[in-house]
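Let's take a friendly walk through this structure, from its ligand site out to its strands. Have the sequence and the 3D view open as you read.

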Amino acid sequence: MTQTHDVVIIGGGVAGLSAGLYTVRAKLDTLLIERTVMGGQIINSEAIENYPGFPHGVNGVELVAAIEEQASKFGLQYGFGEVTALDVSKRPFVIRTEEEEHRARSVIIAAGGDHVKLGVPGEQEYEAKGVSYCATCDGNFFTGQEVVVVGGGDSAVEEAVYLTRMCTKVTVVHRRDQLRAAKILQERAFANPKVEFVWNTVVEEIQGNGSVSGVALRNLKTEEKRRLPATGVFVYVGFNPNSRPFQGVVPMDAGGHIKVDLMMHTEIPGVFAVGDIRWKSTKQLANAAGDGVTAALAAYEYLEQNR
Ligand code: NAP
């Protein structure tokens with residue numbers, strides 16, 4: 001029989017690590033389970049310029065190492081493995097990985113998600129060298145330059161307009177001739193002279209020489225192929241939260257984001273969700289940290305009331 005932890009945190013990104021820092025400082029016995037390496041999405045970020053307190057930017061790996069060291073100092077325990085199931089039918093809750101079973105009085109789900117990739121040549125090679133999945137994070141690196149946005153949903157259209165604040169031209173490449181984005185976002189984009197649309201077209205390759213220099217396009221109606229010069233490519237073709245193990249356990253929206261209230265409670269008392277896996281997340285690093293803190297405080301309160 002394994003020991004019962006006060007808190008098990010699923011996911012070692014900044015949301016999970018921040019939650020852990022707060023729960024261990026409240027003297028709650030806490031195990032954080034990560035499936036690969038600590039840090040989540042930001043370990044691919046060379047320089048994060050929008051995390052408060054770092055006027056010269058901070059390297060993602062270094063920031064994660066610092067939070068991990070800070071949480072370890074107060075006693076956060078780490079485990080590795082992919083969580084495959086969460087059983088909330090009995091208390092304590094049971095968290096299963098492929099090889100182990102853990103028990104916890106409360107659970108904070110911080111498993112994040114993945115941006116859907118285009119899957120075209122050059123995308124992986126030029127990630128962080130011109131290919132980005134976050135305009136708010138990386139837009140500033142393209143000040144005064146021409147960039148491409150791929151997609152036709154709310155994210156693509158909203159971020160295309162955002163990018164006009166620093167870029168000279170933003171070309172939205174969309175595979176159909178109609179946008180999926182909300183009408184109000186569409187109107188904003190159509191009215192912006194810096195935004196151009198290329199319809200019925202897909203990106204076949206992201207090209208460059210050390211960093212992105214352009215995209216190879218193919219029109220799906222005419223089969224015409226052409227090259228469009230650009231120094232940045234922002235891909236917004238969807239986001240997949242890593243919520244499969246929690247389906248049927250906690251309520252989610254249609255996109256698989258876990259529904260929470262303002263204190264990060266799910267509908268199951270004692271189960272919380274934070275960061276990119278929760279609905280209406282801003283998908284920003286500082287918010288991920290804030291979510292973790294909020295859930296940790298809520299978990300503390302829940303455990304105090306349910307001793
Ligand atoms: P989304 O709504 O799923 O849109 C994805 C877009 O990418 C669609 O236009 C889709 O084209 C296109 N696409 C998908 N796969 C592609 C591929 N392989 N190649 C080229 N294009 C591809 O994703 P999202 O924009 O990230 O939004 C996700 C959710 O967040 C939505 O529910 C959205 O409403 C919400 N959101 C809301 C706001 C807001 O309210 N301000 C802002 C951002 C996001 P098709 O249209 O042809 O399928």
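Which ligand atom does a polar side-chain atom of Arg176 lie 2.7 Å from? It is an oxygen atom of the ligand. Please keep in mind that this is a predicted model.

## Around the ligand

The ligand is surrounded by 14 residues, and the closest of them are Asp154, Ser155, Glu158, Arg176 and Arg180. Sorted by class, this shell holds 6 polar, 5 charged and 3 nonpolar residues.

The side chain of Glu158 has an N or O atom 2.9 Å from a nitrogen atom of the ligand. Gly152 takes part through its backbone: an N or O atom there lies 3.0 Å from an oxygen atom of the ligand. As for cover, the ligand taken alone exposes 910 Å², and the protein buries 63% of that area.

## A parallel pair of strands

Next, look at strand S9, residues 146-150, and strand S10, residues 169-173. These two run parallel and are joined by 5 bridges.

Is S10 mostly covered or mostly open? Strand S10 is mostly covered, with 4 of its 5 residues buried.

## An open antiparallel sheet

Strand S13 covers residues 212-219 and pairs with S14 in the antiparallel sense over 5 bridges. If you want a landmark for this pairing, find Ala216, which stands opposite Arg227 in S14.

## A closer look at Asn219

Asn219 also belongs to strand S13. Why does Asn219 count as buried? Its relative accessible area is 16%, and buried means under 20%, so Asn219 falls on the buried side of the cut-off.

What does the side chain of Asn219 reach? At 2.7 Å, the Asn219 side chain meets the backbone nitrogen of Lys221.

Key:
Residues are numbered from 1 along each chain as its sequence is written. This is a predicted model: local features need pLDDT of at least 70, side-chain atom pairs count only at pLDDT 80 or more; totals for chains, interfaces and linings use all residues. Side-chain values use heavy atoms; hydrogens and water are left out. Two strands pair if DSSP finds at least two bridges between them. A residue is near a molecule or strand if one of its heavy atoms lies within 4 Å of it. A polar contact is a pair of N or O atoms within 3.5 Å; within protein, one must be able to donate a hydrogen and the other to accept it, and residues adjacent in sequence count only if both atoms are side-chain atoms. Accessible areas come from the Shrake-Rupley method with a 1.4 Å probe; for residues, only the protein chains shown count as cover. Ala, Val, Leu, Ile, Met, Phe, Trp, Tyr, Cys and Pro count as nonpolar, Asp, Glu, Lys and Arg as charged, and the others, Gly among them, as polar. Buried means under 20% relative accessible area, exposed over 50%, partly exposed in between (1.4 Å probe, protein chains only).
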